[in-house]
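Hi everyone, thanks for coming.

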Amino acid sequence: MLGIDALAPTTGQQVLDIGCGTGLNFSLLQERVGSSGTIVGIDRSAEMLHQARRRAQARGWENVILLQADMVLLDPGTIAARIEEGGGAEVSDAALATYSLSLMGDWEQAWTNMTRLLATHARVGVVDLQEPEGWARWLTPLARLACAVGGSDITAAPWQAVEERCVDVVRASARGGHLQIRAGKTTRDK
Ligand SMILES: C[S@@+](CC[C@H](N)C(=O)[O-])C[C@H]1O[C@@H](n2cnc3c(N)ncnc32)[C@H](O)[C@@H]1O
C-alpha cells in the first residue's frame, strides 16, 4: 500500500497506527517491522478494536497492542504508560494515519498528541482524501458524498502537517488526486 511504502518502517520498529479501525494496515506493517517490532493500534471505537483484536489473534500476531482512546482528547503521558504496560516502548519510531485524521474534527490536536508519542526524527505517514483534480474533477460530487457518508471532512487536508512540519517529505497521489499520500520525518519542533 502506498502509505506504508512511503512511511517505510523497518525491522524492529514500533509503529503507531492512528485510527487503526479493524487493523487493515497490520498485515503490511507486520511485513515491515517483523516479530521484533511492535504495532500500536489506537482507535476511539471499541467495535473497531474488537475486529482488530480478532484479526491479530487469528493471525497469531503477539506484537500488536490495541488501545481505545480519542486522539483529540487523550493525554499522551497516559497513553505512553499504557503502551509500556502492554509490553511496548514508551516512545514510538513511526506513525501512520490512513483515512482517519480527516474524521477527527480537530485533527491538528490529534497530530500534536500523536507527535508527543514519537521520538524526535520519527517518520509519519498520512493518507487521506481530497476532491479529485484535473481529468477526475467530474467525480467530485461522488467523492464529496462518499466522504460525507463516511463522516470525513474532504477539505481537512491533514497531510499539510507533513508538508509543513516534517523534512525529507515523500509525496504521492492516486485516483485523480482524490487520494493524497505524504510521509516525512519529524523535526525537534514537530
Ligand atoms: C475510515 S476508518 C480508517 C481505518 C484504518 N485506518 C484503515 O485505513 O482502514 C477511520 C477510523 O478512525 C477512527 N477515529 C475517528 N476519529 C477518531 C478519534 N478522534 N480518535 C481515534 N480514532 C478515531 C474511527 O473509529 C475509525 O476506526
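Let's begin with Met114, which, neighbours within four places in sequence aside, is in contact (heavy atoms within 4.5 Å) with Leu16, Ile18, Met71, Ala95 and Val124. Apart from it lies another core, of 16 residues, which includes Val15, Cys20, Ala52 and Ala56. By a nonpolar core I mean a set of buried Ala, Val, Leu, Ile, Met, Phe, Trp, Tyr and Cys residues joined through side-chain atoms within 4.5 Å. Buried is under 20% relative accessible area, exposed over 50%, and partly exposed in between, using a 1.4 Å probe and protein chains only.

A word on the source: this is a predicted model, where local features need pLDDT of at least 70 and side-chain atom pairs count only at pLDDT 80 or more, while totals for chains, interfaces and linings use all residues. Residues are numbered from 1 along each chain as its sequence is written, and side-chain values use heavy atoms, leaving out hydrogens and water.

The largest nonpolar core has 33 residues, and Met114 is among those with the most contacts inside it, along with Leu16, Ile18, Ile42, Met71, Ile79 and Trp111.

Now, where is Ala52 found? Ala52 sits in helix α3, residues 46-59; helices here are DSSP runs of H or I, at least four residues, and strands are E runs of at least two, numbered from the N terminus. Ala52 counts as buried because its relative accessibility is 0%. Gly23 is 29 residues away from Ala52 in sequence, yet their C-alpha atoms are 4.7 Å apart.

Finally, Asn63 lies in the loop between α3 and β3 (64-68). With 11% relative accessibility, Asn63 is buried too.
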